[in-house]
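Hello,

Here is the structure I said I would pass on. My notes follow it.

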Amino acid sequence: MFDQASMLRDVARRASAEASNRTLLEHQPAAIAITSGKGGVGKTNVVANLAVALANMGKRVMVLDADFGLANIDVLLGLAPKHNLKDFIHGDLELEDLLLDGPDGVRIIPASSGIEQMASLTVEQQSKLIRGLSGLGRHVDYLLIDTAAGISANVINFLLAAGIVMVVTTPEPTAMVDAYLMVKILAHRESRKRVSLLVNSVSGKEEAIKVCRQIDVVSRRFLSRPLELFGFIEKDRNVAEAVRHQAPFIKMFPNSIASKRMNVLARKLHSYCEERRSTDELDVWWDSLFHSARPS
Ligand SMILES: Nc1ncnc2c1ncn2[C@@H]1O[C@H](COP(=O)(O)OP(=O)(O)OP(=O)(O)O)[C@@H](O)[C@H]1O
Ligand SMILES: [Mg+2]
């Protein structure tokens, strides 16, 4: 059967080969996709605030809004994009023409909201986007990808292209079940994919560990793979308050518990990526998947 993922790998492999005389480690960003099974669990807030936290550490950060159906990172940040991904995919703009200047130097590639044709990109359109990102990615340290909730082909292909996938859940049973389903689909598609859990809206570390343990037990039993807890964020009403003001909570309420936690997560992510850089493990980078040329 025709396999979209292997075709996309091929495109990205060629795109990186075209970028002549470069070493992979120097020029590829660490690519982290933030996803979830259930909607509304906090993905976009995590992406926006993690991006600002990394930028405040002096990192060059680019955010891709890959929620093509219901894009909203620009709304969350109070930005008004003139163009969006539709103009790149269906028009003649370059990807860099879409870049928006977000807070603290974060660059944002906005998606287009509510345009049905964007909600399911063809494999050629996804290839075009991956090629564009491979080019732009050379100028940044971190590429954070905010995906739509759920398991559409669009989402899965982005998750497969990213080096690290973070599945966000809350302690709600429905969100946990859907998080497990996401982990399961990824495990079936790409057994070596690095998948971590980020538990949002918890009372504290204990609750996060409990949530992770519950999903981990099922994952070990049925998928034979453990699930790593990347981190957690406390339930904090400053988050909703900042959303109402269309500002990242980390800027509006820098001393809030959620903001402090976000800084911890950014430092953790950075040291994790640096560790892999120093040990030459390439698997956190955007196109690393495509360099290993392993069968899908
Ligand atoms: N740590 C938190 N504490 C309190 N409220 C939170 C927290 N994180 C998120 N929220 C609330 O959840 C709402 C949804 O968050 P967000 O839009 O980031 O979710 P999402 O997963 O991106 O949703 P969608 O699937 O629709 O894209 C926020 O507007 C905010 O009110
Ligand atoms: Mg969102």
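How many bridges join strand β1 to strand β5, and which way do the two strands run relative to each other? Five bridges link β1 (residues 30-35) with β5 (residues 142-147), and the pair is parallel. Within that pairing, Ala-33 sits opposite Ile-145 of β5. Please keep in mind that this is a predicted model.

Both strands belong to an open sheet of eight strands with mixed pairing, in the order β3-β4-β2-β5-β1-β6-β7-β8. The edges are β3 (100-101) and β8 (228-234); each has a single partner strand, so one side of each has no neighbour in the sheet.

Helix α3 (residues 43-56) lies across β1, β2 (61-66), β5, β6 (164-169) and β7 (194-202). Its direction makes an angle of about 170° with β5.

On the ligand: α3 also contributes to the shell around ligand 1, where α3, β7 and α12 (237-244) each supply at least two residues. There are 20 residues around ligand 1, and those that come nearest are Gly-39, Gly-42, Thr-44, Asn-45 and Ala-240. By type, the shell has eight nonpolar, eight polar and four charged residues.

Helix α10 (residues 173-189) packs with helix α11 (residues 205-223) at about 35°, the axes being 10 Å apart. The crossing of α10 with α11 is right-handed. From α10, the contact uses Met-176, Ala-179, Tyr-180, Val-183, Lys-184 and Ala-187; from α11, Val-211, Gln-214, Ile-215, Val-218, Ser-219 and Leu-223. Nine of these contact residues are nonpolar, two polar and one charged.

Regards

How values were computed:
Residues numbered from 1 in each chain as written. Chains lettered and ligands numbered in written order. Predicted model: local features only at pLDDT ≥ 70, side-chain atom pairs only at ≥ 80, totals over all residues. Pairing = 2+ DSSP bridges. Helix = DSSP H or I, 4+ residues; strand = E, 2+ residues; numbered from the N terminus. Contact = placed C-beta atoms within 7 Å. Axes fitted to C-alpha atoms, helices over the stretch in contact; angles between N-to-C directions. Near = placed C-beta within 6 Å. Nonpolar A, V, L, I, M, F, W, Y, C, P; charged D, E, K, R; others polar. Left-handed = near helix turned anticlockwise from the far one by under 90°.
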